There are 2 protein chains.
Amino acid sequence: MSLPAGARSILDAAASLFSRTGFDAVSLSEIASRAGVCKANIFHHFDSKEALYLDVMREACKCHAEFAEQLLLEPLSSTEKLLRLVEFEFHDMFENEARTQLIFREVLNAGSGKGREIAENIFQRNCNAVIALFQEGVDRGEFRSELDPGIAAWMLGASEMMFFQNRNILSHMPGMGNATVPAEYAAKVVKTLLYGLLPDNADGVAVDAAQFQRKPT
Amino acid sequence: MSLPAGARSILDAAASLFSRTGFDAVSLSEIASRAGVCKANIFHHFDSKEALYLDVMREACKCHAEFAEQLLLEPLSSTEKLLRLVEFEFHDMFENEARTQLIFREVLNAGSGKGREIAENIFQRNCNAVIALFQEGVDRGEFRSELDPGIAAWMLGASEMMFFQNRNILSHMPGMGNATVPAEYAAKVVKTLLYGLLPDNADGVAVDAAQFQRKPT
DNA sequence: CTACTGACTGACCGGACGGTTAGTCATTCT
DNA sequence: AGAATGACTAACCGTCCGGTCAGTCAGTAG
C-alpha cells in the first residue's frame, strides 16, 4: 500500500464504474465525484484516462489464476480435481463480480479492447492450467484417450463465462429449469461433460472435420 | 424495399460500423460520411441515433433462426440433426460476420445494451429450437436419459459463441492445436459433447449441486 | 523564518458529440 | 403555372468530454 489515499479511492471508484459499463461509457467526472476528489486530481495520480483503466485492469488481474496451478499438484483423481476447480471458479466468480466482469469484457471484446493484452494473459494462464488438468486425466487413463484437452478446457470455460454473462436472462429462458442457480448449473455442466450425450450402449458415431466444411451449393 | 436509397445506405453503413465497435464508439458523422450523405439527413430518416441502432438490430435479427426450427421436422436421427445444426451455424456465423457480431455483442453485454431485448428474442428462439432437438434425442433414447436438454443446448451455444468471439486469440493459445479452424473446432466440440470425458469402462461418478455450494470457511 | 514538496482544486480549453434549423432542389399533384 | 411534398444539405447550437494550468495548502527539512 504505497498508494496515497486519494489514488486508492480513485482506483476503487474507477474499478467499480468501469466494470459496470466499460471504458467509453464512464466519464472522468463520474469517477472523480464517486472518489470524492476533483477531476484534475485524477491527472495528478494517473497520466490519462487510458492509463487509469490499465492500472485498474492490472490490479484486477493480479491475484487471479493461482488456484488452478496449485490444484494440479495435489494428490487427487483428475475427476476430483475437476470438481474442485469448478466449485472454486463458480465461487470466486461471484465473490468478485466486478473484477470478473472487467476481465470477461476485455476477453470477449477480443478485437478492440484497451486492456485486452492484460486480460488475455490471465485468461491464457487459467486456460493452460485447466488444459494440463485434462491432459493429466487422459494420461492416467481416467479420461477417454481420444479427448482433446484443449477443447475440453475451452468448453468448460465457455460454459462458465456464458453463465456469468447471461445469468440475468437465463431465468427468462424456458427449459433451463433450476439451472439458474450457480451450483445447479455447475453440477449439470460437469455431469454433461463427464458423461456426454450418448448412452453407454450406443453405437459409436463417426465425427470428423470434413463434415463441417462448407458444402458447395 | 420501400426504403429510399438514402435510408438504405445509411442503414448499411450503420450496420457495418456498429458491428465493428459498438454503439458508443460510432459517431453519426462517421455513418453519414460512409453512407455518402450529410449527417442531418440521418435525422430525416431516423428519429435518433438510438432509433437507427434499433432499426439496424431489428434488420440483423429478422432472417435468423428459422433453420433450427425447420431441421427439427426432418426425418433424421437426433445425432444427425445435431451434426447438421452445428455445420449450419458455423457456416452461417462466418457468412454474416457483421450480423453475428451485432447480436452477440448485445447478448453478451446482457446488462445494459440498447438492443438487448431484440437480440434476446432471436437468441431465445434459437435456443428453444436446439433444446427441442436434444429433448427429442432423449425421448427417442438416442441420448442418455439423465441428460438435461437445456444445459446441453446452452453448452453448445456457449462453445460456438466463444469460438466466434475469440477466434483471433485462439491461435495464440498453446494446446489448442488445429482447433483454430472452424470445422476442426466444430468436430472436436461435437465429439466431446457426444462422448463426454469418461471412457466407456469408467465407474460412474456422483455429481450433484451440493458439491458446488459455497463451503463455510 | 524560508524553501521546497506533493496532494489537491477551480476555472478553463479545444474539440467532438448528438441534435436542430432554415433553406435548396427536383418531382408530382391540381 | 403554382402549390405541395419528400430528399437532402450547410451551418449552427448547447453540452459534455478528456485534458491543462495556475495556484492553494499542509507538512517538513534546513
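**Close-up views of the cavities and the chain interface**

**View 1. The second largest cavity and its lining.** α9(A) gives the most to the lining of the second largest cavity, with four residues. In this predicted model, the second largest cavity has a volume of about 50 Å³. Its lining includes Met161(A), Met162(A) and Gln165(A) from one chain, and Met161(B), Met162(B) and Gln165(B) from the other. The elements that give two or more residues to this lining are α9 (149-170) of chain A and α9 of chain B. By class, seven lining residues are nonpolar, two are polar and none is charged.

**View 2. The largest cavity.** Of the 19 residues that line the largest cavity, Glu89(B), Phe104(B), Phe123(B), Asn126(B) and Glu160(B) lie nearest its centre. Two or more lining residues come from each of α6, α7, α8 and α9 of chain B. The largest share, six residues, belongs to α9(B). The lining comprises 12 nonpolar, four polar and three charged residues.

**View 3. The interface of chain B and chain A.** Each chain brings 74 residues to the contact, and the area buried between them is about 7,500 Å², with carbon and sulfur atoms giving 67%. On the side of chain B, Trp154(B), Leu197(B) and Phe212(B) lose the most area to chain A, together 12% of what that side buries.

View 4. Lys188(A) and Asp148(B) join their side chains in a salt bridge, at 2.8 Å from N to O.

Note on methods
Residues numbered from 1 in each chain as written. Chains lettered and ligands numbered in written order. Predicted model: local features only at pLDDT ≥ 70, side-chain atom pairs only at ≥ 80, totals over all residues. Heavy atoms only, no water. Contact = heavy atoms within 4.5 Å. Buried area = accessible area lost by both parts, 1.4 Å probe. Salt bridge = Lys/Arg side-chain N within 4 Å of Asp/Glu carboxyl O. 1 Å grid on protein atoms, 1.4 Å probe; cavity = no way out; pocket = protein on both sides within 12 Å on 5 of 7 lines; lining within 4 Å. Nonpolar A, V, L, I, M, F, W, Y, C, P; charged D, E, K, R; others polar. Points joined across faces, edges and corners; volume = space filled by probe spheres on them.
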